[in-house]
Amino acid sequence: MELTGPAKLSAAPGGRTALSAASVAVILLPAALLALALTAHEVLPNKQPVLHSAQYGFLLIFLFGVYALWALFAFASEGAFRRLRAQAPIAALIIGIVGVWELLTLKLDSLPLPYFPSPVKIADALINDREKLLICTLYSLRLLFLGYLIGAFFGLVTGLLMGWYKQFQYWINPFLRFIGPIPATAWIPVVLLVFPSSFTASLFLIALGTWFPVAVMTWSGIAGVNKSFFEVAKTLGASERYLVFKVAFPAAFPLVFIGLFMGLGTSFVTLVVAEMLGVKAGLGFYITWAQGWAEYYKVYAALLIMAVLFSTIMTLLFKARDRVLIWQKGLIKW
């Protein structure tokens, strides 16, 4: 049989045919595990109550079909083959973990309910509570973005002023050192008394948690700009406004983005705690509500949404960084 594409390239002398066979086996492993998980799901009886067992089976079939199409395309393209070869092991590991999880919970009932629900039970929550989860996700996004944008704005302003004006640094630095290291969630008893509603209190906590790392890293970036940049710009007749916004601030971007990443991570933590203060919706509120009813499968569903949501937001911020700092693309890994 004549080999084509990446398989043909691997069929050269010196044992590369064996390497090609190993690569093909690795690529087909996720599909085999999906087929095995589907077989176990359909054949073995359920020992825990679930509502959407058939829909979970359809999901496994859909994933199997998508992966099969991806694999077929990979065998026709050397670049796609290499990418799939690199991603297949971790995909197989995830599929294996989920399959064993279902086996130990839904099929064997080895782990106690309600603390260890099966993945099918979590799918129940995603399907049955999809409207409530959607509303809670939108509320969380609104609170997160408003708090993060407010905190990032004031952090950038504070850091810029501290890095440029020594007098401003002299007066603000003691407050930054005193207030900044305190976790934002530690201010909960105070903000509940000061702010008129739980929403504004939560907004302040997220903004405060974002403000500190953004301010510190922006300050460090502005203060660390090479002085020769300013001398050259002044020689060409640059004004102070030009020096700040066209020289100092762009040169500080690498550290500014580090502060934005740190602030975003802090805002995620603060968001979940802040939504437990008494707001009417949000993923943190949903987790508290589900835990109160001992419906831990709903807790896991909310955690899954958080993982996907927060990871996506962080990835978008990294994409923006790579576009702005094209010369540092890939320097910080995510």
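## Close-up views of a predicted all-residue model

**View 1. Ser 118 and its contacts.** Leaving out neighbours within four places in sequence, Ser 118 is in contact (heavy atoms within 4.5 Å) with Gln 48, Val 50, Trp 101, Thr 105 and Leu 106. This is a predicted model, in which local features need pLDDT of at least 70 and side-chain atom pairs count only at pLDDT 80 or more, while totals for chains, interfaces and linings use all residues. Residues are numbered from 1 along each chain as its sequence is written, and side-chain values use heavy atoms, with hydrogens and water left out. Ser 118 sits in the loop between helix 4 (78-107) and helix 5 (119-128); helices here are DSSP runs of H or I with at least four residues, strands are runs of E with at least two, and both are numbered from the N terminus. With a relative accessibility of 0%, Ser 118 counts as buried. Buried means under 20% relative accessible area, exposed means over 50%, and partly exposed lies in between (1.4 Å probe, protein chains only).

**View 2. The loop between helix 4 and helix 5.** Two further residues of this loop deserve a look. Pro 114 belongs to the loop, and a cis peptide bond with omega of about 5 degrees joins Leu 113 to Pro 114. Asp 109 is in the loop between helix 4 and helix 5 too. Although Asp 109 is not a glycine, its phi is positive, at about 55 degrees. Asp 109 is partly exposed, at 37% relative accessible area.

**View 3. Ala 294, between helix 13 and helix 14.** Ala 294 is placed in the loop that links helix 13 and helix 14. Its phi is near 60 degrees, a positive value in a residue other than glycine. The relative accessible area of Ala 294 is 37%, which makes it partly exposed.

**View 4. The largest nonpolar core.** A nonpolar core is a set of buried Ala, Val, Leu, Ile, Met, Phe, Trp, Tyr and Cys residues joined through side-chain atoms within 4.5 Å. The largest one has 44 residues, of which Leu 260, Leu 264, Phe 268, Phe 310 and Ile 313 touch the most other members. Elements giving two or more residues to this core include helix 6 (130-164), helix 9 (198-223) and helix 12 (253-274). Helix 14 supplies the largest share, 10 residues. Zooming in on Phe 310, you will find it touching Leu 144, Phe 268 and Leu 271, not counting residues up to four places away in sequence.

**View 5. Thr 315 on helix 14.** Thr 315 lies in helix 14 (residues 296-324). It is partly exposed, with 28% relative accessible area. Thr 185 is 130 residues away from Thr 315 in sequence, and their C-alpha atoms are 25 Å apart in space.

**View 6. The surroundings of these close-ups.** The chain has 14 helices and 0 strands. Its radius of gyration, taken over C-alpha atoms, is 26 Å, well over the 20 Å that the globule rule (2.2 Å times the number of residues to the power 0.38) gives for 334 residues, so the chain is more spread out than a compact globule. Of the 334 residues, 39% count as buried.
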